[in-house]
Amino acid sequence: MTTTEIKTNDRTTAEATTVRPNPTTAAPRLNFAKAAPKAFRAVIGLDAAAREGLDPALVELVQIRASHLNRCAYCLHMHTTDARKAGESEDRLHMVAVWQEADHFFTDREQSALALTDAVTRIGDAGVPDEVYDRAAAHFTEEELAHLLALIFTINTWNRIALSTAKRAGTDER
């Protein structure tokens with residue numbers, strides 16, 4: 001069990017206890033795909049539709065970034081593996097977590113997608129600021145932007161499924 005501080009609107013500080021399952025010792029949880037097959041297929045459908053028209057390398061960068069933010073080791077392992085298979089460099093994979101400080105590793109278009117991923121994934125912090133949305137809108141057509149948003153929604157859903165069901169990193173059960 002770990003104790004962390006949570007800041008609310010930069011005014012209040014409260015203590016919260018976070019308990020994360022240890023994937024090496026946690027009891028198996030439900031198999032979401034088997035327990036809710038229609039819901040699982042719906043997420044797969046959204047995922048497939050979201051990717052349409054987007055560069056596969058960008059798709060992986062967005063999924064990696066959201067998985068970093070959500071601390072989803074299962075999805076992070078899966079998407080870094082997929083990115084490597086697709087030819088992504090180790091340097092860029094290592095820099096996704098700190099993309100703002102290593103912006104020279106990423107194109108302006110990729111940076112705008114990563115900024116949007118940060119804002120949508122952390123939507124409870126400050127919403128999606130106009131400057132972040134406008135930056136992405138300047139690099140993507142309206143259709144691409146809609147697909148990018150759907151991709152961000154989808155990876156956040158996958159992260160929540162994997163974390164809630166204690167999926168173990170490295171198993172890549174698809």
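This is a predicted model: local features need pLDDT of at least 70, side-chain atom pairs count only at pLDDT 80 or more; totals for chains, interfaces and linings use all residues.
Two aromatic pairs occur in the structure. Phe32 is partly exposed, at a relative accessible area of 24%. Phe40 also pairs with Trp158, again edge-to-face. Here the centre-to-centre distance is 5.4 Å and the angle between the planes is 70 degrees. This pair links distant parts of the chain. Phe40 belongs to helix α2 (residues 37-51), whereas Trp158 belongs to helix α9 (residues 142-164). The two residues are 118 residues apart. Trp158 has a relative accessible area of 16%; it counts as buried because this value is under 20%. Together, Phe32, Phe40 and Trp158 make up one aromatic cluster.

The helix packing involves α6 (residues 108-121) and α8 (residues 130-139). The crossing of α6 and α8 is left-handed. On the α6 side, the contact is formed by Asp108, Arg109, Gln111, Ser112, Ala115, Leu116 and Ala119. On the α8 side, Val132, Arg135, Ala136 and His139 take part. By residue type, the contact of α6 with α8 comprises five nonpolar, three polar and three charged residues.

Key
Residues are numbered from 1 along each chain as its sequence is written. Side-chain values use heavy atoms; hydrogens and water are left out. Rings of Phe, Tyr and Trp (its six-membered ring) pair if their centres lie within 6.5 Å; planes under 30 degrees apart count as stacked, over 60 as edge-to-face and the rest as tilted. Buried means under 20% relative accessible area, exposed over 50%, partly exposed in between (1.4 Å probe, protein chains only). Helices (H or I, at least four residues) and strands (E, at least two) are DSSP runs, numbered from the N terminus. Axes are lines fitted to C-alpha atoms, for helices over the stretch in contact, and angles run from 0 to 180 degrees between N-to-C directions. A crossing is left-handed if the near helix is turned anticlockwise from the far one by less than a right angle, and right-handed if clockwise. Contact means heavy atoms within 4.5 Å. Ala, Val, Leu, Ile, Met, Phe, Trp, Tyr, Cys and Pro count as nonpolar, Asp, Glu, Lys and Arg as charged, and the others, Gly among them, as polar.
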